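Here is a short tour of one structure, taken a piece at a time. Have the sequence and the 3D view open as you read.

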Amino acid sequence: MKKFRVAFKGLCDGFADRSILTQWILACCAIAAGLVFRFTFGEWLVVVVCIGMVVSCEMLNTCIERVCDLCGTQYDERIRYIKDLSAGAVLVASVAALVAGVMIILRRFL
């Protein structure tokens, strides 16, 4: 049970980070769109998986950036590469979620 408390604390701590909070706000927008457009069960499934994927990626990206920052304040090309790669993972997840959302919504109009 302690592991769940620790994990929940980490989830709550994530709300203090601007990047993670931004992803949660965008997730709420996706949920609002689902309510407005009355998504089907399958569409909700896609939205929930996309939200989990993007928020998880952002949380991991934030962790990676913080660990890299512990290595020092001097510029290091290896640290830049690691940070850029983890940010790229968030971008890939976000674009995939956006495309899925657009496809779901456009289907209503086509």
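## Two packed helices

Helix H2 (residues 18-37) packs against H3 at an angle of about 175 degrees, and their axes lie 9 Å apart. Axes here are lines fitted to C-alpha atoms over the stretch in contact, with angles from 0 to 180 degrees between N-to-C directions. H2 and H3 are therefore roughly antiparallel, a label for angles over 145 degrees. Helices are DSSP runs of H or I with at least four residues, numbered from the N terminus.

This is a predicted model in which local features need pLDDT of at least 70 and side-chain atom pairs 80 or more, while totals for chains, interfaces and linings use all residues. Residues are numbered from 1 along each chain as its sequence is written, and side-chain values use heavy atoms, leaving out hydrogens and water.

## Where they meet

On the H2 side, the residues in contact (heavy atoms within 4.5 Å) include Trp24, Ala27 and Ile31, and on the H3 side they include Val47, Ile51 and Val55. The residues of this contact divide into twelve nonpolar, four polar and one charged.

## The core

Ala27, Phe39, Val47, Ile51, Val55 and Ile104 form the largest nonpolar core, a set of buried Ala, Val, Leu, Ile, Met, Phe, Trp, Tyr and Cys residues joined through side-chain atoms within 4.5 Å. Buried means under 20% relative accessible area with a 1.4 Å probe, protein chains only. Leaving aside neighbours within four places in sequence, Ile104 touches Phe39, Glu43, Val46 and Val47.

## The loop

Arg38 sits in the loop between H2 and H3. Its phi is near 50 degrees, a positive value in a residue other than glycine. At 70% relative accessibility, Arg38 counts as exposed, the term for values over 50%.

Note on methods:
Angles under 35 degrees count as roughly parallel, over 145 as roughly antiparallel, 65 to 115 as roughly perpendicular and the rest as oblique. Ala, Val, Leu, Ile, Met, Phe, Trp, Tyr, Cys and Pro count as nonpolar, Asp, Glu, Lys and Arg as charged, and the others, Gly among them, as polar.
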